[in-house]
Amino acid sequence: MKYFRLIWKNAWRKKIRTLLTILSVFVAFLLFSLLSAIGFAFKGGVDVADAERLIIIDKISLINPIPMSYMNRIASTTGVASVTHASWFGGYYQDPRNQFGQFPVDPESYFDLYPEFNMPEEQLEAFKRNRIGAVVGQELAKQFGWEVGDRIPLQATIWTKADGGRTWEFELEGIFSTDDPRGATPFLLFQYDYFEEARAFGKGTVGWYILRVAKGADPVQVANAIDQQFANSPNETETSTEAAFSQSFAKQFGNIALIVSLVLGAVFFTLLLVSGNTMSQSVRERISELAVLKTLGFADRSVLGIVLSESILIMLIGGLLGLGVGWVLVQGVAQQMGAFLPGVFLSPGAMATAVGMMIAAGILAGIFPAVKAMRLSIIDALARA
Amino acid sequence: MTEPLARLESVSRIYQKGKEKVEVLHQLDLEIPQGDFIAIMGPSGSGKTTLLNLLGGLDKPTAGTVTVGGAELSAMSNSRLSRWRSTNVGFIFQFYNLLPVLTALRNVELPLLLTNFNSKERIKRASIALDIVGLADRAKHYPRELSGGQEQRVAIARAIVSDPSLLLCDEPTGDLDRDTADEILRLLQVLNKDHGKTIVMVTHDSQAAEYANRTLHCDKGTLEARQAA
């Protein structure tokens, strides 16, 4: 801390140059925070996945339906504690831009499988009783201003009704939430029985099954046993953990993690060139001053530390500003895009990674000029001055 | 007889310039008593600055020994030399070499950053040093806001702030007009006579040398003594 004034003053020796460097660091970490938050949303399902929940889908594709008749056979498989199902509805509310997840489910078994969803008991009971009842996550309710008792018409894009209509009306019976900030709930659940009765086609099928493995049972063995049961049938199954399912679902949108990594890689490579050049210039300009410091008795390691600290300081100023502004923007994005992309969240882990990257980038950008300063020959430097 | 502050015994310094070896100092012997004020004169390339660098622990001899204040500098590692310089020797340069980003006070404080003094104590000592050189009222000024003579006074304050016994001055008046140079030289005389500092000053200026107790002439790597008039 004794050297802080010296480091601070040196960092601001050329104000415009330092400001421009800080700006480039700011932009890099702003991008980092936004992309991390979006990347987090895509893998959010993986992180909150329950290790004891397995997902069963059609072996060919997630969009292929599976017979409803599998339900009892899955439930009676050794190692299965409970089972439920869900399907993809794919409608919109009022405007085609208002798309979010809508799933016909069996209310009784579905909420047994997802105890992390919190909803008042009376609302759950009302949902179970009402054939055209629906429940929504609190993010969605907040976004559209829905309250219990509201009627919600959805326009179907896939599932036309048997009467040829495309409008499905629901009565909102409950609003659920989850305590885990990573597990957002911007979706709507409604009665499978109503869906099954009213749809024009696809009767007797579901989108996928979800099961809970019994205590002490091996999830891998249970998954194998289920897939073997339906081997060589018209609808072969693929059973995987919830995490693997979420991962494969996210990959439908492309390898988001890879795209994020590539973009960030390019940004940080450029950042290192810019800030490395700034530090090299800064050290070149004050060779004689560094020689004077060494003449006064500053050890080689102290000079190395002073130059490196200056580089890290510039990174931290720009980086923390970028991260701060990014955090504010992510809150806005999470509100605006919550329905399309739940779980947009700048996690503490991502923020800690960012701070680590600032320090690492500071060291990388400053190490060559710092070593040059450390190895500086006092006599040569003073003679040149 | 008292032990001299500095002693050079059979000191040679040879530099390698390409394939050629250049002997800047040749088997040089010198004793500098405590409290002395020596001027070293001589043509360019005669080895004056090299001698100063050896006395200040900035360079090591190719042969011979350099002892200052009982410490044999020629045998010390670079890190020990750094520590030794911070408390035992003060440097004054021709072009002042102040840090432009720091005020006069903060420039003077620099050597004290290497001590265990707290901030308050460092500022107090730096203020005293500035007062000694007559610049207490310029403490908050940056080097660019000072005249050449004032800058050199700040540099002198920086050199004495950690109370070293030896001051090494390399052409301290080389960049100043006559009147200002005389002011700086009188200040060095005060530091020598009133504060007991031992001063070794390299100069081309024979008038500057007259302020010293004695003048040594350096030529082709050897020294020749001439008593001041």
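## Two helices side by side in chain B

Let's start with a pair of helices: helix 5 (residues 148-160) of chain B packs against helix 6 (residues 178-193) of chain B at an angle of about 15°, and their axes are 9 Å apart. Keep in mind that this is a predicted model. Angles under 35 degrees count as roughly parallel, so helix 5 of chain B and helix 6 of chain B are roughly parallel to each other. Their crossing is right-handed.

Who does the touching? From helix 5 of chain B come B:Gly148, B:Gly149, B:Gln152, B:Arg153, B:Ile156 and B:Ile160, while helix 6 of chain B brings B:Thr180, B:Glu183, B:Ile184, B:Leu187 and B:Leu191. Sorted by class, that contact has five nonpolar, four polar and two charged residues.

## A sheet with a helix on it

Chain B also has an open sheet of four strands, in the order 2-1-4-5, with antiparallel pairing. Strand 2 (20-32) and strand 5 (71-72) of chain B sit at the edges, and each pairs on one side only. Helix 1 (residues 48-55) of chain B packs on this sheet and touches strand 1, strand 2 and strand 4 (63-68) of chain B. The direction of that helix makes about 120° with the direction of strand 1 of chain B.

Now for the pairing itself: strand 1 (residues 6-17) of chain B runs antiparallel to strand 2 of chain B, and nine bridges join the two. To pick out one spot, B:Arg13 has B:Leu25, in strand 2 of chain B, as its bridge partner.

## Where the two chains meet

Over at the interface, 18 residues of chain A are in contact with 20 residues of chain B. On the chain A side, helix 1 (4-11), helix 11 (287-296) and helix 14 (378-384) each supply at least two residues. Helix 11 of chain A gives the most, with five residues. The side of chain A that touches chain B is made up of eight nonpolar, four polar and six charged residues.

## A closer look at A:Glu310

Is A:Glu310 buried or exposed? A residue is buried if 20 or more other C-beta atoms lie within 10 Å of its own, and A:Glu310 has 28 C-beta neighbours inside 10 Å, so it counts as buried.

Leaving aside residues up to four places away in sequence, A:Glu310 touches A:Ile7, A:Asn10, A:Ala11 and A:Gly366. A:Glu310 and A:Trp8 are 302 residues apart in sequence, yet 7.0 Å apart in space, C-alpha to C-alpha.

Note on methods. Residues are numbered from 1 along each chain as its sequence is written. Chains are lettered from A and ligands numbered from 1 in the order in which they are written. This is a predicted model: local features need pLDDT of at least 70, side-chain atom pairs count only at pLDDT 80 or more; totals for chains, interfaces and linings use all residues. Two strands pair if DSSP finds at least two bridges between them. Two residues are in contact if their C-beta atoms, placed from the backbone, lie within 7 Å. Axes are lines fitted to C-alpha atoms, for helices over the stretch in contact, and angles run from 0 to 180 degrees between N-to-C directions. Ala, Val, Leu, Ile, Met, Phe, Trp, Tyr, Cys and Pro count as nonpolar, Asp, Glu, Lys and Arg as charged, and the others, Gly among them, as polar. A residue is buried if 20 or more other C-beta atoms lie within 10 Å of its own, exposed if 12 or fewer, and partly exposed in between; C-beta atoms are placed from the backbone. Angles under 35 degrees count as roughly parallel, over 145 as roughly antiparallel, 65 to 115 as roughly perpendicular and the rest as oblique. A crossing is left-handed if the near helix is turned anticlockwise from the far one by less than a right angle, and right-handed if clockwise.
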